[in-house]
Amino acid sequence: MKALGAATDVRRLGGEVAAARALVTRGEDWIDAARAAHESKGRLVSLWGAERPGGQPAVLAAYALEEGLCVVELALRREAPSYPDVSGLFPAAGRMQRAVRDLHGIDAEGARDKRPWLRHEPDYPFVRVEGDGVHEIPVGPIHAGIIEPGHFRFSIVGEKVLRLEQRLGYTHKGIDKRFEDFTVAEGHRLAGRVSGDSTVAYAWAYAQAAEAAAGIEPPARARWLRALLLERERIANHLGDLGALGNDGGFAFALSQFMRLKEDWLRANGEAFGHRFAMDAIVPGGVAVDPDPAKLAAMARHAHEIEIEVRGLRDIFDEHSGLQDRFITAGRVTPELAARLGLVGLGGRSSGQAFDLRVDHPVDPYRTLKVKKVVYIAGDVAARVHARFDELFESVRLVQAIVAGMSAGEVRVPLPTPAPEAFGVGWVEGWRGEVLVALEAGRDGRIARCHAHDPSWHNWPVLEHAVIGNIVPDFPLINKSFNLSYSGADT
Amino acid sequence: MKIARTGMVSEPSPAAHEEWRTRAPVIRADILRILGRALVIRQVDAGSCNGCELEIHALNNPYYNLEGLGIRFAASPRHADMLLVTGPVTRNMEQALRIAYEAMPDPKLVVAVGDCGRDGGIFGEGGAVCGGVSRVIPVDVTVPGCPPPPLALLQGILTALSIGERR
């Protein structure tokens with residue numbers, strides 16, 4: 001990967017994902033790699049800390065480049081370890097660097113914001129907005145509805161939001177560290193519980209990483225079943241969120257209708273895969289369940305029925321002037337802002353950031369299926385609603401194409417014990433955005449270290465910008481239009 | 001038009017969900033006998049992966065007709081008869097959970113949801129997580145599952161109600 005400039009020792013990683021890893025030892029090389037990635041229009045996918053075998057601290061960054069994913073690992077000194085800040089180039093790095101400091105005591109030299117992020121202490125210093133008539137609304141960590149916990153601090157004048165500051169980390173469970181209690185062969189279960197609504201995306205990314213580390217490939221039918229599961233997960237989440245978006249726009253009818261369709265969809269998952277969210281269906285080496293042909297055929301028919309229902313509901317949405325009045329212009333993120341802050345996934349594609357791993361770096365079966373990328377530039381709630389409808393219909397097409405195109409055969413091969421220090425990555429376009437898992441094997445098939453990254457890391461800070469100038473009652477709607485993960489970003 | 005075409009999807013439906021049909025009136029009668037009014041639940045996510053919340057949301061879909069049973073979710077613990085808590089309880093949520101519990105009027109019921117709510121589940125105990133809900137507040141009933149499906153949640157709620165009766 002020439003884009004990385006001076007970085008030495010760049011090695012291609014095995015496995016399904018086009019990826020490479022560069023080991024560097026000097027801060028200059030670390031920052032050169034970040035600059036090179038930035039100049040070549042690359043994206044920062046994730047930044048995390050780790051302990052190398054033997055206890056040496058290290059910091060890692062994964063960049064999305066045109067050729068694929070590149071992981072840069074900087075080995076650090078043991079005493080007062082530090083590395084150059086990259087949040088000036090990639091603003092999304094800011095919170096990740098704060099997390100690295102909390103979890104590993106590794107400092108980002110020159111970073112402006114060094115407040116703790118995951119390590120909670122009393123009296124967190126929120127940024128204060130002062131002026132005539134400005135007051136604050138604190139919300140959370142426990143929210144009014146059935147939602148994950150987090151704290152939002154609104155500074156407002158009248159009904160208008162001047163500033164939103166988030167304080168997250170409430171669901172921090174130390175997942176990266178917890179991985180080390182498992183073997184490579186069993187870690188998919190934990191990966192599948194980083195963010196429950198994206199269990200398939202995480203399990204697939206983990207399986208990719210484990211298979212790369214072990215040097216095996218999953219059988220063809222397993223790859224197709226994985227894509228089937230991923231598209232089913234995308235449809236399930238879009239159904240739920242479209243209903244909730246209608247509800248937050250004052251249209252409870254939508255919630256009842258979409259939740260009914262989602263329930264049908266989850267029950268079908270339960271019948272075909274033995275679990276309503278298909279947790280633990282994807283395993284290193286393949287998939288654990290192979291539905292019989294009758295169930296697969298029923299799945300394709302069901303997808304068709306859902307499409308007809310949702311097309312009808314979309315017409316109702318489109319013709320409902322009250323709903324459209326709430327959606328249009330609410331929570332706008334311009335493509336310029338989205339590019340600068342690194343908005344990814346569904347939110348990014350609604351603001352002109354045309355990244356979709358299924359198209360940009362397709363693995364099987366996406367190479368064959370040729371996914372149609374959905375891109376809008378308006379960047380408001382309306383655009384994100386349109387994107388969800390479009391992506392739902394595309395996923396319906398994919399479900400049908402997968403059922404029709406899947407070949408017979410085995411669905412699982414044994415996972416050999418990976419050699420110590422074997423490294424692999426997984427990179428999957430979940431319904432919310434790109435999910436990354438980076439895995440290194442230890443002795444006796446154990447996990448030496450593992451990092452799971454959620455796209456919400458990037459998109460939460462953008463939400464702070466999206467609500468500026470909107471009225472407080474529109475916040476739930478704007479928030480739901482992104483529907484970011486707390487657990488995934490708090491890990 | 002759409003509403004008319006959709007019709008009533010609320011279960012009980014024939015045959016396929018017969019068990020649910022017989023259970024619903026029982027639940028309603030129990031709630032009425034024990035509380036003499038609707039059961040109000042405050043849900044608290046004390047650190048879950050959000051999987052349990054998805055199923056609690058599903059419990060609110062028209063199939064399960066929850067409000068028809070007299071069960072409703074409230075925004076404040078001060079209005080709640082029952083705390084429905086998902087776990088594992090993280091260190092960062094420990095205090096908020098305790099405050100929510102203390103804010104509830106007596107008598108209070110607590111249902112710990114899911115394998116993680118029971119004992120920390122796959123996340124275990126230690127480090128950033130306290131473990132199961134009972135590590136932090138008294139628990140009346142734990143509902144196993146990862147996540148427990150809506151019917152199991154409903155059964156857990158009913159079980160807690162019958163405990164309330166025994167007290």
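In what order do the three strands of the open sheet of chain A lie, and with what pairing? The strand order is E13-E14-E15 in chain A, and the pairing is antiparallel. Strands count as paired if DSSP finds at least two bridges between them; the strands themselves (E, at least two residues) and the helices (H or I, at least four) are DSSP runs, numbered from the N terminus. The model is predicted, with local features described at pLDDT of at least 70, side-chain atom pairs counted only at pLDDT 80 or more, and totals for chains, interfaces and linings using all residues. Residues are numbered from 1 along each chain as its sequence is written, while chains are lettered from A and ligands numbered from 1 in the order in which they are written.

Strand E13 (423–429) and strand E15 (447–453) of chain A are the edge strands, each pairing on one side only. The average twist from one strand to the next is 10°, where axes are lines fitted to C-alpha atoms (for helices, over the stretch in contact) and angles between N-to-C directions run from 0 to 180 degrees. E13(A) is joined to E14(A) by seven bridges, and the two run antiparallel; within this pair, Val428(A) has Val435(A) as its bridge partner. The two strands form a hairpin with four residues between them, and Gly433(A) in the turn has a positive phi of about 160°.

On to the next pair: strand E14 (residues 434–441) of chain A runs antiparallel to E15(A), with six bridges joining them. Glu440(A) finds its bridge partner in Arg449(A) of E15(A), and Ala441(A) stands opposite Ile447(A). Here the hairpin has five residues between its strands, and Asp444(A) in the turn shows a positive phi of about 55°.

E14(A) is mostly covered, with eight of its eight residues buried. A residue is termed buried if 20 or more other C-beta atoms lie within 10 Å of its own, exposed if 12 or fewer, and partly exposed in between, with C-beta atoms placed from the backbone. Glu434(A), Leu436(A), Ala438(A) and Glu440(A) point one way from the strand, whereas Val435(A), Val437(A), Leu439(A) and Ala441(A) point the other way, and all are buried. Helix H5 (residues 199–214) of chain A lies across E13, E14 and E15 of chain A, running at about 150° to E13(A).

Contact, defined as C-beta atoms placed from the backbone lying within 7 Å, links 16 residues of domain 2 of chain A with 21 residues of domain 3 of chain A. On the domain 2 side, helix H15 (456–466) and helix H16 (475–482) of chain A each supply at least two residues. That side divides into eight nonpolar, six polar and two charged residues, where Ala, Val, Leu, Ile, Met, Phe, Trp, Tyr, Cys and Pro count as nonpolar, Asp, Glu, Lys and Arg as charged, and the others, Gly among them, as polar.

Helix H6 (residues 220–248) of chain A has 29 residues and reaches 42 Å from its first C-alpha to its last, close to the 42 Å expected at 1.5 Å a residue; the expected span is 1.5 Å times one less than the number of residues. Of the 29 residues of H6(A), 26 are buried. Gly250(A), with a positive phi near 85°, follows this helix.

Strand E3 (residues 82–86) and strand E5 (residues 109–113) of chain B run parallel and are joined by five bridges, with Leu109(B) as the bridge partner of Met82(B).

Conventions
Two residues are in contact if their C-beta atoms, placed from the backbone, lie within 7 Å.
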